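Open the model in your viewer and keep the selection panel at hand.

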Amino acid sequence: MFRAIKRSFIEGTRGMFKNGLMTVTSLFVVTACIFIFGVFLMITFNINHMTSEMAESYQVDVYITRPEDADDNVYENIKARVLDDIRKVDNIDTANISFVDGKEKFKNYKAGLDKEDLKSFEGLPEDLIPDAFAVKLEDISLVDESCSKLSAIEGVEDVENSSDLVEVINGISSAVKTFSVWIIVIFALVSLFIISNTIKLTVHNRRKEINIMKYVGATDSYIKGPFIMEGMLVGIVSALIAFFISQWSYLGLMTSISTTVMVSSFGLLNFNDIWLRLIVSYVILGSIIGAFGSSISVRRYLKV
Amino acid sequence: MITFENVSKIYDNGYGALKGVSFHINKGEFVFLVGSSAAGKSTIIKLMMKEESATGGSIIINDIDVNDLRHKEIPYFRRTLGVVFQDFRLLPNKTVQENVSFAMEIVGASSKEIRRNVPLVLSQVGLSSKAKMYPHQLSGGEQQRVAIARAIVNNPAILIADEPTGNLDPETALEIMAIIEEINKRGTTVVMATHAEKIVNDMKKRVIMVEKGIITRDENEGGYGYVQSN
Ligand SMILES: Nc1ncnc2c1ncn2[C@@H]1O[C@H](COP(=O)(O)OP(=O)(O)O)[C@@H](O)[C@H]1O
Ligand SMILES: [Mg+2]
């Protein structure tokens, strides 16, 4: 097994160098394809990051009705029951429910105003803002569904959320994801075609040798090994080049954003946070395309 | 060892190259397959190697039903055969020694076995001194000896040769025949397609004559033609 891999590696490398110009051309094209794939991958990473950050700070306020005639005891019971009911709704982060005291909220709000503005609040009752539970959702894309369930709870006066914002974000992120998938498919196919053509050249140059190997009793996988390795090497080298280009452009973009917009990071992920995911995806994509592309080319010669 | 039973072969273009060929070859035999050009000799050889598949009849080699071989099994089947062609089919960028050891590497022999067996077969075909040379530095006869060494290095039960002397002058052809006969004496079954009359007549082996895809004669200690001497 190890010997077979070693042999494939040696002969695959040899094939890569023998093909000189063709290898350079396909490295170039495949690198470009992987890079374009990477741009969309990086955008997707960032959008996912933004949505999850948004989700983290995003909260739904569930206001509680205090009946006119309710004394503190009764009201406490109502609050406890509402809390229980909230917990029963799906998609609620049950560990993260906090109580917001309406009077305090109103007081704090007024504390932030100046004297002029305060005048218009004179005479208003101090319990103007009802008490509420601040709730976090596990998946913010389900905000509408969850809010209607929350509103349906008995004793809930109102449910407040900024669902428009969520919809916009969800819309963008799903559009980008769909688009990215298509980009990935298209450029994977282009790379596949390019690599398979390069390998076809190696295979064609060595068809006599392949033929002799078949006569002597070589198995298909023995013959395929070096070609698949050659394809994978082209794919992996392209992946690495594309990775360095990505790193360089990502860092460049970050610097120019922070110098022109004067906002460091701008909510974008640091390269440190994505480089591992990026390089792993590149190498996996590159080697799969390489292996697959070359096995397409060899197959035809293995029929004898 | 080798049994053809009413074998026919129609090529994809519709041409019927073999029309009901039957023969049986025992272990250790030496058989000439003779006949004029386009008679169907190479077709018989290709069917034996499963390079082509029969369109009718049955072929049993070493107890294996060749028609039933699955694609994956073909390599392992071929390892039980050694093949030699008219055009040698050596790898030009490999030395004599490498051309032979390559056949052993393919079947997964250890490097120890390779180091032991390759010099052995090279001396058997008289090429020990040229082990490090490349095919283009050798004469035709020497190249064919390399091909023979490659064919026998994995100890096949059967040696199949298609016109192995076709590209050689008569004297060299005799040297090659001596080597093949020696291999046969050590127990390897030999099937050789040829239209070299003199060789066939001189060696007095079993002769199977093919004409237009039909076997017209099969005799022990036969000659190329019906007239046996001169
Ligand atoms: N792949 C093929 N496709 C079609 N016809 C073929 C093919 N191979 C051989 N033939 C035909 O089959 C006949 C027998 O060929 P072959 O077995 O090579 O003859 P021999 O070796 O006796 O000279 C010839 O007429 C040849 O043209
Ligand atoms: Mg022929």
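Select the contact between the two chains: 18 residues of chain A are in contact with 24 residues of chain B. The model is a predicted one. Chain A and chain B bury about 1,700 Å² between them, and carbon and sulfur atoms account for 58% of that area. Now pick out A:Ile212, A:Tyr215 and A:Val216, which together supply 37% of the area that chain A buries against chain B.

Which elements of chain A give two or more residues to the side that touches chain B? They are helix 1 (2-18), helix 8 (207-216) and helix 9 (220-260) of chain A. Colour helix 8 of chain A separately, as this helix gives the most to that side, with eight residues. Coloured by class, the side of chain A that touches chain B divides into eight nonpolar, three polar and seven charged residues.

Five residue pairs are in polar contact between chain A and chain B, with both residues of each pair at pLDDT 80 or more. How many salt bridges are there between chain A and chain B? The count is zero.

Move to ligand 1 and show its surroundings. The shell consists of B:Tyr11, B:Asn13, B:Tyr15, B:Ala17, B:Ser36, B:Ser37, B:Ala38, B:Ala39, B:Gly40, B:Lys41, B:Ser42 and B:Thr43. By class, five of the shell residues are nonpolar, six are polar and one is charged. Helix 1 of chain B (residues 41-49) contributes the largest share of this shell, three residues.

- From an oxygen atom of ligand 1 to a polar side-chain atom of B:Ser42: 2.7 Å.
- From an oxygen atom of ligand 1 to a backbone N or O atom of B:Ala39: 3.2 Å.
- From a nitrogen atom of ligand 1 to an N or O atom in the side chain of B:Tyr11: 3.4 Å.

Then switch to a surface view of the ligand: on its own, ligand 1 has 560 Å² of accessible area, and the protein covers 69% of this.

For the last stop, go back to chain A and select A:Glu76 with A:Lys79. These residues form a salt bridge, with the closest N and O atoms 3.2 Å apart. Both lie in helix 3 of chain A (residues 72-88), three residues apart, about one turn of the helix. Over all chains, the count comes to 20 salt bridges.

Terms used
Residues numbered from 1 in each chain as written. Chains lettered and ligands numbered in written order. Predicted model: local features only at pLDDT ≥ 70, side-chain atom pairs only at ≥ 80, totals over all residues. Heavy atoms only, no water. Near = heavy atom within 4 Å. Polar contact = N/O pair within 3.5 Å; in protein donor to acceptor, adjacent residues only side chain to side chain. Areas by Shrake-Rupley, 256 points an atom, 1.4 Å probe, with all protein chains shown as cover. Helix = DSSP H or I, 4+ residues; strand = E, 2+ residues; numbered from the N terminus. Nonpolar A, V, L, I, M, F, W, Y, C, P; charged D, E, K, R; others polar. Contact = heavy atoms within 4.5 Å. Buried area = accessible area lost by both parts, 1.4 Å probe. Salt bridge = Lys/Arg side-chain N within 4 Å of Asp/Glu carboxyl O.
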